[in-house]
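Q: Please take a close look at a single part of this structure. I would like to know how it sits among its surroundings.

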Amino acid sequence: MTMDCSLRLIHNSPLSTTAFLPKKVRLFTVKCSSSQGFSSVGLAERPWKVADARLVLEDGSIWRAKSFGASGTQVGEVVFNTSLTGYQEILTDPSYAGQFVLMTNPHIGNTGVNFDDEESVQCFLAGLVIRSLSISTSNWRCAETLSDYLAARNIMGIYDVDTRAITRRLRDDGSLIGVLSTEELKSDEELLEMSRTWDIVGIDLISGVSCKTPYEWVDRTGSEWDFNFSARSKENLHVVAYDFGIKHNILRRLASYGCKITVVPSTWPASDTLKMKPDGVLFSNGPGDPSAVPYAVDTVREIIGKIPVFGICMGHQLLGQALGGKTFKMKFGHHGGNHPVRNIRNGSVEISAQNHNYAVDPASLPSGVEVTHVNLNDGSCAGLAFSQLKLMSLQYHPEASPGPHDSDPVFGEFIQLMKQEKVKA
């Protein structure tokens, strides 16, 4: 259908003689005709995007929003993240697999995305929920807009939704399962049923984010970003890193401290790791419920006590279970770059980046296990050590830089642990 339009402009039309109203007005008349012979009134496209998506939560609440990125229908657990920056690192953190991440910071997308800040080879989260999507980008490293980036990776996003109200709901009621949809043909009842019949608890999410074959990692932190050259070990210590959803920057920091790194899949047998005779083993971060991956707990149990080990996030929880302790699901977890943690050993406080929905119950741990760090927001266990078994762990990300580098020295502590054991050997 083609359409011809003509515009008539009338000037000097008297409207009012009062001093408070204009005496003249411009009157526009638009006449349109179509080649198919019917009126085109109402066919004009609106100059703004209208709500075309829904977030339906399992508690029955329905949130209308505007979509960006990919289209379709997706189910996941809704969690909120209090970080002010770093949304690209969040998007590519494998620990968010199966989750919708709601950013409490209202303005997202203004720096675009670049390919240097990615923490893995793809986006693993189920979707992104934000208040305001930036209409422009302004950053010297920007290579792509956030919307185009998500669309190319088939990740759904919504904006123009009351993120403060949803955050309060999650804070009061706990994490909720939700469904994101741009499909008009799906009823609210259908989406609600989807949210109430899916559960993230007990699902092995690690196998979907782990590498499939071993590989060597050599990249260090870029020279323009590195800050701790003096701590680099002159010895080429060999570390086997179990990939439960490992972030690239963990590997970069280990490499920057002088380690030779072999990354292995989550299902890699402990016996094969011990045959490699590494100086230490890293158990990485990862998504989901540690109780859903008993094979990983068994692997950790077979390795601890034989060589120095370091667990981060999921690795920390797996160590807790391997030692005989219990883990539990938190009300809404810790997600953000502003969590204060107290180092009990030296009394210092670190500003940490955290992303986990589960925690280790320190009361369930056997004697000899030391709680080294405590989250100051809720008193939960944030670090463990057991000198007899040559192990250490943190429930947060020491490779992240919110403090900016408060937690980085822990990599040096792991280096020292390996060196001490090497001297004994």
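A: Start with helix 5. Nine of the nine residues of helix 5 are buried, so this helix is largely enclosed by the rest of the structure. This is a predicted model, where local features need pLDDT of at least 70 and side-chain atom pairs count only at pLDDT 80 or more, while totals for chains, interfaces and linings use all residues. Residues are numbered from 1 along each chain as its sequence is written, and side-chain values use heavy atoms, with hydrogens and water left out.

Two terms come up at once. Buried means under 20% relative accessible area, exposed over 50%, and partly exposed in between (1.4 Å probe, protein chains only). Helices (H or I, at least four residues) and strands (E, at least two) are DSSP runs, numbered from the N terminus.

Now go along the helix. The buried residues of helix 5 are His-248, Asn-249, Ile-250, Leu-251, Arg-252, Arg-253, Leu-254, Ala-255 and Ser-256. They pack against strand 12 (215–217), strand 13, strand 14, strand 15 (280–283), strand 16 and helix 9. Contact here means heavy atoms within 4.5 Å.

Next, the core. A nonpolar core is a set of buried Ala, Val, Leu, Ile, Met, Phe, Trp, Tyr and Cys residues joined through side-chain atoms within 4.5 Å. The largest one has 29 residues, and Leu-254, Ile-261, Leu-282 and Phe-310 touch the most other members. At least two of its residues come from each of strand 13 (238–243), helix 5 (248–256), strand 14 (260–265), strand 16 (309–312), strand 21 (391–394) and helix 9 (409–424). Helix 9 gives the most to this core, with six residues.

Then step past the end of the helix. Just after helix 5, Gly-258 takes a positive phi of about 95°. Cys-259 has 7% relative accessibility, so Cys-259 counts as buried. Cys-211 counts as buried too, at 15% relative accessibility. A disulfide is a pair of cysteine sulfur atoms within 2.5 Å. By this rule the count is zero disulfides.
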